[in-house]
Amino acid sequence: MGSLNTIADLVFHLNYYIKGVLDVLKGGTLTIRDKYSFNTPSITSEKDWNTLRTEIINNAQEFVCILEQFSDEELNQVFVDKKYGSYERNIRVTIEHGYYHLGQLVLIKKIIVEKINTQF
């Protein structure tokens with residue numbers, strides 16, 4: 001819709017960050033970079049869309065399962081590097097980031113539905 005991000009772009013973007021933080025929560029390194037967060041692969045079929053949807057759902061569920069196991073002490077530890085703050089801060093920011101973009105998704109969907117309804 002005009003210059004707005006597509007729903008697929010926003011889902012990819014959210015998943016990119018969830019997956020990146022999830023990697024750290026599982027003991028890995030922080031490899032995500034802002035400049036790649038909207039490098040959405042082409043969605044040319046229902047299968048492509050379902051693959052993206054399934055991936056974000058699975059990553060979000062794993063994110064929650066891992067967080068349930070974190071102690072208060074672990075949440076207060078430094079996340080990767082002192083400049084990023086604590087695990088708690090990064091988890092909170094990841095959740096807030098999700099709410100922000102989910103709001104955008106709802107608005108884009110409303111615009112699309114209104115446009116379709118006015119055409120018929």
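Buried residues are those under 20% relative accessible area. The views below are taken from a predicted model.

**View A. The tilted aromatic pair of F70 and Y87.** The ring centres of F70 and Y87 lie 5.6 Å apart and their planes meet at 45 degrees, so the pair is classed as tilted. This pair joins distant parts of the chain, 17 residues apart: F70 belongs to the loop between α2 and α3 (72-75), whereas Y87 belongs to helix α4. F70 has a relative accessible area of 17% and is therefore buried. Y87 is likewise counted as buried, because its relative accessibility is 14%.

**View B. The aromatic cluster of F12, Y16 and Y17.** Ring pairs connect F12, Y16 and Y17 into a cluster. Across the whole structure, a search finds four aromatic pairs.

**View C. Helix α2 and its buried residues.** Helix α2 spans residues 46-68, 23 residues in total, and extends 33 Å from its first C-alpha to its last, close to the 33 Å expected at 1.5 Å a residue. Its buried residues are L52, I56, N59, F63 and I66. These buried residues of α2 pack against α1 (7-25) and α4 (87-119). An α-helix has 3.6 residues a turn, so residues three or four places apart point the same way.

**View D. A nonpolar surface patch that includes I95.** I95, Y99 and L102 make up a nonpolar patch on the surface, and their accessible area together is about 320 Å². I95 is located in helix α4. With a relative accessibility of 38%, I95 is considered partly exposed.

Note on methods
Residues are numbered from 1 along each chain as its sequence is written. This is a predicted model: local features need pLDDT of at least 70, side-chain atom pairs count only at pLDDT 80 or more; totals for chains, interfaces and linings use all residues. Side-chain values use heavy atoms; hydrogens and water are left out. Helices (H or I, at least four residues) and strands (E, at least two) are DSSP runs, numbered from the N terminus. The expected span of a helix is 1.5 Å times one less than its number of residues. Buried means under 20% relative accessible area, exposed over 50%, partly exposed in between (1.4 Å probe, protein chains only). Contact means heavy atoms within 4.5 Å. Patches are made of residues with over 30% relative accessible area and no salt bridge: like charges are joined within 9 Å, nonpolar side chains (Val, Leu, Ile, Met, Phe, Trp, Tyr) within 5 Å. Accessible areas come from the Shrake-Rupley method with a 1.4 Å probe; for residues, only the protein chains shown count as cover. A salt bridge is a side-chain nitrogen of Lys or Arg within 4 Å of a carboxyl oxygen of Asp or Glu. Rings of Phe, Tyr and Trp (its six-membered ring) pair if their centres lie within 6.5 Å; planes under 30 degrees apart count as stacked, over 60 as edge-to-face and the rest as tilted.
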